[in-house]
Amino acid sequence: MADELAEHEAQVMETTRVRELAIVEERERIARELHDGIAQFLGYVTTKSQAAHLFIEKGDTQKADGFMRQIEAETRKQALDVRASILG
């Protein structure tokens, strides 16, 4: 009986170890996904908004509007990607 309890305890410990490893791996995957997707997107938005601001200062509102429309479109796309990642 003592052997059975020891074996059961070992199985529980192994299951716990495997579960914890899976959690760590999933967190790392999510971190990579965030870095690859959202971090790059934020850099894109920063660059495009700075360009739009410069065109506004120069009085070229048409070009500034074009940059803002690009930002809006990409923001919608990124929101869909984030929702898909959350649901996936």
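**Surface, shape and pocket**

Modeller: The protein chain exposes about 7400 Å². Carbon and sulfur atoms supply 60% of that area. Keep in mind that this is a predicted model.

Colleague: OK, what about helices and strands, how many in the protein chain?

Modeller: Two helices and zero strands. The radius of gyration is 24 Å, well over the 12 Å that the globule rule gives for 88 residues, so the chain is more spread out than a compact globule.

Colleague: What does the C-alpha trace span along its principal axes?

Modeller: About 85 × 20 × 10 Å.

Colleague: Switching to charges. How far apart are the mean positions of the positive and negative ones?

Modeller: They are 13 Å apart. The protein chain has 12 positive and 17 negative charges.

Colleague: Which one gives the largest share of the lining?

Modeller: H1 does, with six residues.

Colleague: Which residues line the largest pocket?

Modeller: Among them are Arg 29, Ile 30, Glu 33 and Leu 34. The lining also includes Asp 81, Val 82, Ser 85 and Ile 86.

Colleague: Let's take Glu 33. Where is Glu 33 found?

Modeller: In helix H1. Glu 33 has a relative accessible area of 36%. Buried means under 20% and exposed means over 50%, so Glu 33 counts as partly exposed.

Colleague: And how far is the C-alpha atom of Glu 33 from that of Ser 85?

Modeller: The two are separated by 8.8 Å. Along the chain, Glu 33 and Ser 85 are 52 residues apart.

How values were computed: Residues numbered from 1 in each chain as written. Predicted model: local features only at pLDDT ≥ 70, side-chain atom pairs only at ≥ 80, totals over all residues. Heavy atoms only, no water. Helix = DSSP H or I, 4+ residues; strand = E, 2+ residues; numbered from the N terminus. Rg over C-alpha atoms; globule rule 2.2 N^0.38 Å. Areas by Shrake-Rupley, 256 points an atom, 1.4 Å probe, with all protein chains shown as cover. Lys, Arg positive; Asp, Glu negative; His and termini not counted. Charge placed at Lys NZ, Arg CZ, Asp CG, Glu CD. 1 Å grid on protein atoms, 1.4 Å probe; cavity = no way out; pocket = protein on both sides within 12 Å on 5 of 7 lines; lining within 4 Å. Buried < 20%, exposed > 50% of the residue type's maximum accessible area, 1.4 Å probe, protein only.
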